[in-house]
Amino acid sequence: MPNAAPDADGPFATERRVAVAAAEATGPLLRGHFADARTLRTKGGNGDVVTDLDLAAERLILARLRRHFPHDRILSEEAGLLGAAPTTDCRTWLVDPLDGSNNVAIGLPAYVVGVALCVGDSPVVGVVHEPLTGRTWHAVTGQGAHTADGAPLPGPPGDVPPPGPVLAWTQGHAVDRGDPTALALRGALEQGCRRVLQLWAPLLGWALLARGTIDGFVGYRAEAVDLPAGALLAAEAGVELRTLDGAPFHPGFTGPATTRSYVAARADTLTYVLDRVAAALHPQR
């Protein structure tokens, strides 16, 4: 886990700078119009929404990425897949212009903006910007995770607090409210943890984990577009990523949602959470 400031001339330095600038360009728009955001439509069967701010922020980010990297593919949450057909090692930008749209729609100021670059299915750059506070966190593979001024993100301490760890939880839009596995997992985690946060903004959970203000993150069939940016941020801050069965977890964006379930934590907390997940998934053992 490198702790030095990111190399200004190293691999993916230009991509990091452009991604940071693109994410931060949405800040004034999202802050200024938060109070009058309009819901335009719902998506999926669970009532998730798209607001006018999703689309306006997306236009800003896509314009910058296309100007600087016209030959790269882009997968954006609202616009979908843009650009050339995929190849094994092609570059794909992932854009979540407003992670927390449901929060914004109800007037809850808990939202961030996420931009990632993947080569093939592996994240190499991840950026999360919080318009409300103006803070930005970024990571480049192999170069650590940092704040906007270059300070390293510490990640969580890894020991299990006496009242139990504080975790974030996310599940994909397609997961039914009555999904028995999701219910079993959440129930087991609620019993064994101090808090299980359902933020409606997964990238906000990843940023909290990379900063070390929460202890872990559990995802069940998570959405693809915001996973690489957040997971890279946490991994470069020293967080371990595992599947629900404890195997190494690869935070890619391709493949079915069934491949995007994970536990992210460190040291003793990782073992603690995996034990509770195993008890929920295999109660007869």
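Residues are numbered from 1 along each chain as its sequence is written, and side-chain values use heavy atoms, with hydrogens and water left out. Because the model is predicted, local features need pLDDT of at least 70 and side-chain atom pairs count only at pLDDT 80 or more, while totals for chains, interfaces and linings use all residues.

User: Which strands are the edge strands of the open sheet of 7 strands?

Analyst: Strands (E, at least two residues) and helices (H or I, at least four) are DSSP runs, numbered from the N terminus. Two strands pair if DSSP finds at least two bridges between them. The sheet has mixed pairing and the order β4-β3-β5-β6-β7-β8-β9. An edge strand pairs on one side only, and the edge strands are β4 (80-82) and β9 (145-147).

User: In which sense does β5 pair with β3, and in which sense with β6?

Analyst: Strand β3 (residues 73-76) is joined to β5 over 4 bridges, and arginine 73 has threonine 92 as its bridge partner. Between β5 and β6 there are 7 bridges, and leucine 94 has alanine 116 as its bridge partner. The pairing of β5 with β3 is parallel, whereas that with β6 is antiparallel.

User: Is β5 largely enclosed or exposed?

Analyst: A residue is buried under 20% relative accessible area, exposed over 50% and partly exposed in between (1.4 Å probe, protein chains only). In β5, 8 of the 9 residues are buried, so the strand is largely enclosed by the rest of the structure.

User: What angle does the direction of helix α1 make with that of β7?

Analyst: Axes are lines fitted to C-alpha atoms, for helices over the stretch in contact, and angles run from 0 to 180 degrees between N-to-C directions. Helix α1 (residues 13-25) packs on the sheet and touches β5 (91-99), β6, β7 and β8 (135-140), where contact means heavy atoms within 4.5 Å. The angle with β7 is about 30 degrees.

User: How are α1 and α3 oriented to each other?

Analyst: Two packed helices are described by the angle between their axes and the distance between the axes. The axes of α1 and helix α3 (residues 52-68) come within 8 Å and cross at roughly 155 degrees. Angles under 35 degrees count as roughly parallel, over 145 as roughly antiparallel, 65 to 115 as roughly perpendicular and the rest as oblique. The two helices α1 and α3 are therefore roughly antiparallel.

User: How are α5 and α8 oriented to each other?

Analyst: Helix α5 (residues 180-192) and helix α8 (residues 267-281) have axes 9 Å apart. Residues that meet include Ala184, Leu185 and Ala188 in α5, and Val273, Arg276 and Val277 in α8. The packing angle is about 135 degrees, and α5 and α8 are therefore oblique.

User: What is the relative accessible area of valine 273?

Analyst: Valine 273 is found in helix α8. Leaving aside neighbours within four places in sequence, valine 273 is in contact with Leu167, Leu189, Val218 and Val263. The residue is buried, with a relative accessible area of 1%.

User: How many of the 10 residues of helix α7 are buried?

Analyst: Helix α7 (residues 227-236) is mostly covered. The buried residues include Leu227, Pro228 and Glu236. The number of buried residues in α7 is 9.
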